[in-house]
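Dear colleague,

Please read them with the model open beside you.

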Amino acid sequence: MGNVTSSVAARLAFFPPEPATYGVEPAQDGAGAGGLLRMTGLSSDAGVEVRALPTRAGTRVVSAFWRHPSARLTLLYSHGNAADLGQMLGLFLELRAHLRVNIMSYDYSGYGASTGKPSEYNTYYDIEAVYDCLKKEYGIEEEELILYGQSVGSGPTLHLASRLEKLRGVVLHSGILSGIRVLYPVKNIDKIKQVDCPVLVIHGTADDIVDFTHGKRLWELAKEKYEPLWVKGGGHCNLETYPEYIRHLRKFINAMEKLAKDKAPKASQVPPSSSMADVKHNKCLRFGKK
């Protein structure tokens, strides 16, 4: 019965863009550089490293790591259920520039150029593989890492956060408390109680997909509560367009940097960025029948 429920939930809860907004191919200099890839169909970015990572489920998930020259922290971003890395590119570049952090993101199994099929448990295996990559390939320690989960991405985010004892922080953006109308079987109620680091909750008061009460309850259940951001009139997929979003997120990053180790920044060149106001609404979550 459990497998049937999970299968139904996956069909209702996951909507990978079809066709994918990008492809991958070997990078010109990737043969001797750990199998690096490059994204096709998108404008090139010298600051990104793309890989296909093996997971415990036997799939390969595409990850993308954007460096910032003065980053002290790295943000591991789990996106919503109706977008892939190609659609999120503009937002990631803006976050890197405005927050001065490294950005690591990935596509769930069955999304973008990742293989396999999306499911609740596959998202857990996916984020575990990405975290292993951060440790092995980039030398990122728990103390230097902030996990960011948007909408359905709050599931894998809290799954990993509940297992890391020295994590720097967690951001839950329009997060899901548990089993909303799509039957997506996230158990975030239990997992957030196991997170031993500051938790920032961001939620729109006019969210008609994941009700505002989900965000409030997640914040109430957090052990280490950081000042939440309740975006007045904000919906489910437009919070990035509100000025207070980037201001509050930067405030949180600054606070986490003060707690982090004083490590030398990782070198890289980053192209100039435009205003956050130019970021379009991203397709973070969708419900309905295929």
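A residue is called buried here when its relative accessible area is under 20%, exposed when that value is over 50%, and partly exposed in between. Please keep in mind throughout that this is a predicted model.

I begin with the cysteines. Cysteine 133 has a relative accessibility of 5% and therefore counts as buried, and cysteine 197, at 2%, is likewise buried because its value lies under the 20% limit. The structure holds 0 disulfides.

Cysteine 133 also belongs to the lining of the second largest pocket, where it is joined by Leu53, Pro54, Thr55, Arg56, Tyr125, Glu128, Ala129, Asp132, Lys136 and Glu137. This pocket has a volume of about 190 Å³. Strand S3 (48–54) and helix H3 (120–138) each contribute at least two residues to the lining, and H3 gives the most, with 7 residues. Sorted by class, the residues that line the second largest pocket are 5 nonpolar, 1 polar and 5 charged.

Turning to the aromatic rings, a search of the whole structure finds 10 aromatic pairs. One of them is formed by phenylalanine 14 and tyrosine 111, whose rings lie 6.5 Å apart from centre to centre with 80 degrees between their planes, an edge-to-face arrangement. This pair links distant parts of the chain, since phenylalanine 14 sits in the loop between helix H1 (2–13) and strand S1 (23–26), whereas tyrosine 111 sits in the loop between strand S6 (102–106) and H3, 97 residues apart. Phenylalanine 14 and tyrosine 111 are both buried.

A second example involves tyrosine 121 and tyrosine 124, which have ring centres 5.6 Å apart and planes at 85 degrees, so that this pair is edge-to-face as well. Tyrosine 121 and tyrosine 124 are 3 residues apart in helix H3, which means that about one helical turn separates them.

With best wishes

Conventions:
Residues are numbered from 1 along each chain as its sequence is written. This is a predicted model: local features need pLDDT of at least 70, side-chain atom pairs count only at pLDDT 80 or more; totals for chains, interfaces and linings use all residues. Side-chain values use heavy atoms; hydrogens and water are left out. A disulfide is a pair of cysteine sulfur atoms within 2.5 Å. Buried means under 20% relative accessible area, exposed over 50%, partly exposed in between (1.4 Å probe, protein chains only). On a 1 Å grid over the protein atoms alone, a cavity is a set of points where a 1.4 Å probe fits but cannot get out, and a pocket is an open set with protein on both sides within 12 Å along at least five of seven lines; lining residues have an atom within 4 Å of a point. Grid points are joined across faces, edges and corners, and a volume is the space filled by probe spheres set on the points. Helices (H or I, at least four residues) and strands (E, at least two) are DSSP runs, numbered from the N terminus. Ala, Val, Leu, Ile, Met, Phe, Trp, Tyr, Cys and Pro count as nonpolar, Asp, Glu, Lys and Arg as charged, and the others, Gly among them, as polar. Rings of Phe, Tyr and Trp (its six-membered ring) pair if their centres lie within 6.5 Å; planes under 30 degrees apart count as stacked, over 60 as edge-to-face and the rest as tilted.
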